[in-house]
There are 2 protein chains.
Amino acid sequence: MSASRSIVRVKSGPDKRRLILDAAVRVFARQGFHACRVSDIADEAGVAYGLVYHYFASKDEVLDTLFLERWNVMLELIRDVDSKPLPVREKLGAITSFIVDSYAHDPDLMKVIIVEVTRAANSFGQTHLAQIREAYELIGEIVTKAQEEGVFKPEIEARFAAMAFYGTIEQLLTGWIFGLRPQGEEHFERAKWLVVETVCGGLETSVVGEASVS
Amino acid sequence: MSASRSIVRVKSGPDKRRLILDAAVRVFARQGFHACRVSDIADEAGVAYGLVYHYFASKDEVLDTLFLERWNVMLELIRDVDSKPLPVREKLGAITSFIVDSYAHDPDLMKVIIVEVTRAANSFGQTHLAQIREAYELIGEIVTKAQEEGVFKPEIEARFAAMAFYGTIEQLLTGWIFGLRPQGEEHFERAKWLVVETVCGGLETSVVGEASVS
DNA sequence: GTGGATATTGACTGACCAGTCAATCTATAT
DNA sequence: ATATAGATTGACTGGTCAGTCAATATCCAC
């Protein structure tokens, strides 16, 4: 019974660590990592200043935790997709879907990850370059397989293709984050299709009619 | 005569303002904007601390100046390219060339612009969102024209296409900046071709044989 | 119900650094 | 010569904030 009690306690209890992490997402998204104070996080979470340092060694570690929590889920998904025998378009579509849905579900968290980590490779990205590189490499593998199947052009290196794909997605999220692109369920769904169509099919009209001129 | 004298003076003189800007590029590239002190810039330039504030109102203004100097040159180039009656591939190729050559010529400056401004849209990018948006819109116009000519697919919105194009280039530079991609004259040249080929032609092999299955 | 461990509090400290300013130097104009 | 304006200097100030710590509260095990 003491066990059931403690489980209930954990479930229903405040779980301050999680509270702090969630508060940090909101604060980082609103004010930016560098511009906010640790006390802002504590206030937002409704806990004492010192408690942040009970659960985390430093302000940096809070951000690290948020990033890694999410990024690892993404890496897992990519590995999973990669291992299945699907057409490339579906694989890339699944990855795009995952990222877009992540944004739709928790824009603040994705904003923090993109703006404060992924796009801030000078400070934090440096620490997580390995994680970011890992994503690149996994996508690169998907491209390589597609090339071996003859679906993707062999003359565009897989590494470069992965970069173009990821760059397009990151720019898309950045556009949403800074209000440069319209948001909403329909836009999110359309964006998924656009990413895959642009990257796979290119911007040019099919050159089927190349010889049809004559 | 006083004019010629003063012109010579300006030409041959130390021109401390420029000295400070150039030093700032090196310091920002090496340590990052937030991590460096104003005294680091002064030291690197070999001038007194206070002189930085004689020429610039704040640390921020130094970065602003560096960004705008370069970004405006780029905007001018894009406008120029846009106005000429060239095939899209050549237009996009010219823009890609300009950016890649900018990096090849002064990697530190481009690193600062990308890392500290363009990719830091939370802090500085916010201030320069208008400039960044302008680049997007100009590229969008190029895409729109190509669509009207029937060269580009009409179903991919020009805004999205511009985003994919710019995102690919930015990711490319980011890869170089953080040592994730090989550098050197040949790689730079090849990258130019890859960007245009990927964005315009897509990753898939031409689907000429689409109907050949039957 | 006692003891030890863990959670929680918030005042305090020590370091850091952007920006100021009064003093000094240099150049040129008359 | 001398005056004026601009260039140059670097010590100093004021505010900010990450991280510490000693005190207090809560929990659980026996």
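Predicted model: local features only at pLDDT ≥ 70, side-chain atom pairs only at ≥ 80, totals over all residues.
Leaving aside its neighbours within four places in sequence, which residues is B:Ala24 in contact with?

View 1. B:Ala24 belongs to helix H2 of chain B, which covers residues 16–31, and, once its neighbours within four places in sequence are set aside, B:Ala24 is in contact with B:Ile41, B:Val62 and B:Leu66. Because 27 other C-beta atoms lie within 10 Å, B:Ala24 is buried, the cut-off for that word being 20 or more. B:Ser39 stands 15 residues from B:Ala24 in sequence, and the C-alpha atoms of B:Ala24 and B:Ser39 are 10 Å apart in space.

**View 2. B:Ile41 and the largest nonpolar core.** Apart from neighbours within four places in sequence, the contacts of B:Ile41 are B:Ile20, B:Ala23, B:Ala24, B:Val27, B:Cys36, B:Val52 and B:Val62. Both B:Ala24 and B:Ile41 are among the residues with the most contacts inside the largest nonpolar core, which has 118 residues, and that group also includes A:Ala24, A:Leu66 and A:Phe165 from chain A. In soluble globular proteins, nonpolar side chains tend to be buried together.

**View 3. The surface near DNA strand D.** Around DNA strand D there are 19 residues, of which A:Gly50, A:Ser58, B:Lys16, B:Ala48 and B:Gly50 come nearest. At least two residues of this surface are supplied by each of helices H1 (2–12), H3 (38–45) and H4 (49–55) of chain A and by helix H4 (49–55) of chain B, and H4(B) gives the most, with four residues. Sorted by class, the surface near DNA strand D consists of eight nonpolar, seven polar and four charged residues.

Terms used
Residues numbered from 1 in each chain as written. Chains lettered and ligands numbered in written order. Near = placed C-beta within 6 Å. Nonpolar A, V, L, I, M, F, W, Y, C, P; charged D, E, K, R; others polar. Buried ≥ 20, exposed ≤ 12 C-beta atoms within 10 Å, placed from the backbone. Contact = placed C-beta atoms within 7 Å. Core = buried A, V, L, I, M, F, W, Y, C linked by C-beta atoms within 7 Å.
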